[in-house]
Amino acid sequence: MRMLLDLVLPLECAGCGLLGENWCAACSRALFVPPVTVRPRVDPGVPCWALGTYSGPRRNGVIALKERGRRSVAAPLGRALAEAVGHLRDAGEIDPPELGSLILVCAPSRARAARARGGDPVLRCARVAAAELAPERVLVPELLRMSGGVRDSVGLSAGQRQHNVAGRIEAVGVRRSRADRGASRLVSHTVLLIDDVVTTGATLAESARVLGEFGVPLAGALVVASA
Ligand SMILES: [Zn+2]
């Protein structure tokens with residue numbers, strides 16, 4: 001349906017509505033910036049960086065990708081995340097590629113399961129970011145999943161959100177018995193948690209906790225926008 005609409009409706013920038021482009025130059029300038037440190041109310045225990053606040057082109061872009069199924073928006077968002085990785089390396093916030101190969105782990109979301117057919121939008125962004133960093137080899141393993149019973153977090157307080165996701169994020173494809181061996185291999189890796197929007201930090205914190213249980217050393221969390 002979306003593809004059909006794309007044929008009928010004029011192309012407009014997903015960030016600002018400008019006609020004729022998927023993502024315009026002005027909206028690119030809003031995305032391609034050094035990431036800023038954010039401190040969510042629920043401390044993920046690792047540094048957290050965002051490309052900016054959840055407003056303007058970042059907000060419009062995330063909504064277009066997640067809620068309207070406009071997959072092409074993953075391209076500018078993913079490229080901006082890749083550039084942010086470069087900024088973080090330049091600033092010495094995370095290790096350069098020669099010290100640790102990069103692994104991008106997407107934070108899970110409850111709603112994403114329902115949209116599985118359309119593909120996980122954050123995973124799509126992370127894959128674009130990985131491709132953008134080529135020839136560096138960046139892995140994007142699907143490690144985290146949200147189990148059933150998690151409510152939609154809209155309208156929940158920080159404490160409620162934390163309770164909502166507590167124990168509900170699970171690692172998939174990693175067996176705890178193998179974690180020790182896996183951890184030793186991961187020491188020479190830089191693992192970044194990726195998400196679209198950080199609100200209270202509850203999901204990032206729980207994701208970091210689960211990764212920690214499996215001995216995955218998290219260097220930080222990088223998100224498109226901070227609400
Ligand atoms: Zn625009």
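Predicted model: local features only at pLDDT ≥ 70, side-chain atom pairs only at ≥ 80, totals over all residues.
**Overall make-up**

The protein contains nine helices and seven strands. Of its 227 residues, 46% are buried. Among contacts with a separation of 6 or more, 73% are between residues 24 or more positions apart.

**The zinc site**

Four cysteines supply the protein donors of the zinc ion: C13, C16, C24 and C27, each through its SG atom. These donors lie 2.2 to 2.3 Å from the zinc ion. The arrangement is tetrahedral because the angles subtended by the four donor atoms are 105 to 116°. To count as tetrahedral, all angles have to lie between 85 and 135 degrees. Along the sequence, the donor residues follow the spacing C-x2-C-x7-C-x2-C. C13 and C24, eleven residues apart, both sit in the loop between α1 (2–8) and α2 (25–31). Both of these residues are buried.

**Helix α3**

Helix α3 covers residues 56–66. Eight of its eleven residues are buried, so the helix is largely enclosed by the rest of the structure. The buried residues are P57, R58, G61, V62, I63, A64, L65 and K66.

| Element | Residues |
|---|---|
| α2 | 25–31 |

**The cavity**

How many cavities of 30 Å³ or more does the whole structure hold? A search finds one. The volume of the largest cavity is about 30 Å³. Its lining consists of V62, L65, K66, L77, P121, V122, C125 and D196. Two elements, α3 and α6, each give two or more residues to this lining. V62, L65 and K66 of the lining are also among the buried residues of α3.

What classes of residue line the largest cavity? Six of the lining residues are nonpolar, two are charged and none is polar. K66 and D196, both in the lining, belong to classes that count as charged.

Key: Residues numbered from 1 in each chain as written. Heavy atoms only, no water. Donors = N, O, S within 2.8 Å, 3.2 Å for Na, K, Ca; no water. Tetrahedral: all angles 85-135°; square planar, octahedral: opposite > 155°, others 65-115°. Helix = DSSP H or I, 4+ residues; strand = E, 2+ residues; numbered from the N terminus. Buried < 20%, exposed > 50% of the residue type's maximum accessible area, 1.4 Å probe, protein only. 1 Å grid on protein atoms, 1.4 Å probe; cavity = no way out; pocket = protein on both sides within 12 Å on 5 of 7 lines; lining within 4 Å. Points joined across faces, edges and corners; volume = space filled by probe spheres on them. Contact = heavy atoms within 4.5 Å.
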